Amino acid sequence: MTEQSLRDTMVMLGASLFARGYATGGAGNLSARLPDGTLIATPTGSCLGRLEADRLAKVSLDGRHLDGDRPSKEVAFHLALYHNNPECQAVVHLHCTHLTALSCLDGLNPANVIRPFTPYYVMRVGSLPLIPYYKPGDARIAEELGRRAQEAGAFLLANHGPVVMGKNLVEAVNNMEELEETARLALLLHGQPIRYLSDPEIDELRKMKP
């Protein structure tokens with residue numbers, strides 16, 4: 001994908017996420033790796049529903065701002081994922097309603113916040129480790145994500161929201177949408193007897209592609 005087509009795709013996907021209520025105001029950020037190894041990322045404070053292709057930030061892998069508007073301060077944790085997981089080609093961070101609500105609950109399992117109960121959660125996301133609470137922009141978020149970048153394809157920042165990786169930007173967005181739907185179902189089913197997937201069923205699903 002050329003740089004221009006990736007820029008256009010980011011604008012289109014940002015608008016789609018915003019229009020469907022996955023993002024509000026200036027919250028959330030997207031990034032994707034270009035063929036030359038640099039990144040394009042959403043600018044600081046930008047609304048995902050009103051992105052402009054030629055104003056997207058261009059950032060080097062060592063964090064230098066190369067072109068476009070200034071990137072979000074949270075691009076630091078995006079960079080930590082790119083540096084520590086070679087399969088990561090795109091990162092989506094949102095404050096979507098159900099995952100953010102879930103991130104605020106006490107007593108979550110830090111190894112996997114959502115115990116698997118649907119096939120596509122397993123196939124698209126696999127597991128959802130919890131990152132302890134740090135204020136937005138804290139360097140420790142990047143440190144935690146970098147250290148754990150190969151543990152999973154998605155993480156939940158406590159009292160903050162989800163971070164999802166993908167082999168391309170479309171896949172990362174699809175994975176985020178599946179994860180948000182899983183969180184919605186988990187909250188909807190809270191307190192009800194749930195038939196969770198068994199270990200053999202999970203192992204079988206991990207061998208399949210969505």
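View 1. The protein chain has a radius of gyration of 16 Å; a compact globule of 210 residues would have one near 17 Å, which agrees. This radius is taken over C-alpha atoms, and the globule rule is 2.2 Å times the number of residues to the power 0.38. The model is predicted: local features need pLDDT of at least 70, side-chain atom pairs count only at pLDDT 80 or more, and totals for chains, interfaces and linings use all residues. Residues are numbered from 1 along each chain as its sequence is written, and side-chain values use heavy atoms, leaving out hydrogens and water. Along the principal axes, the C-alpha atoms fill a box of roughly 50 × 30 × 30 Å.

View 2. Helices (H or I, at least four residues) and strands (E, at least two) are DSSP runs, numbered from the N terminus. Take the contacts between residues at least 6 apart in sequence: 63% of them join residues at least 24 apart. Contact means heavy atoms within 4.5 Å.

**View 3. Surface and interior of the protein chain.** Of its 210 residues, 52% count as buried. Buried means under 20% relative accessible area, exposed over 50%, and partly exposed in between (1.4 Å probe, protein chains only). The accessible surface comes to about 10,100 Å². Carbon and sulfur atoms own 51% of that surface. Areas come from the Shrake-Rupley method with a 1.4 Å probe; for residues, only the protein chains shown count as cover.

**View 4. Charges of the protein chain.** The mean positions of the 21 positive and 24 negative charges are 1 Å apart. Lys and Arg count as positive, Asp and Glu as negative; His and the chain ends are not counted. Each charge is placed at NZ of Lys, CZ of Arg, CG of Asp or CD of Glu.

View 5. A disulfide is a pair of cysteine sulfur atoms within 2.5 Å. The count here is 0. Cys 47 is in no disulfide; its nearest cysteine sulfur, that of Cys 96, is 15 Å away. Cys 47 is buried, at 8% relative accessible area. Cys 88 is in no disulfide either, and the nearest cysteine sulfur, that of Cys 96, is 17 Å away. Cys 88 is buried too, at 1% relative accessibility.

**View 6. Ala 111 sits in a loop.** This loop runs between helix 3 (97-103) and helix 4 (119-124). Ala 111 is exposed, with a relative accessible area of 52%. Leaving aside residues up to four places away in sequence, Ala 111 touches Leu 128 and Pro 129. Asp 62 is 49 residues from Ala 111 along the chain, and their C-alpha atoms are separated by 30 Å.
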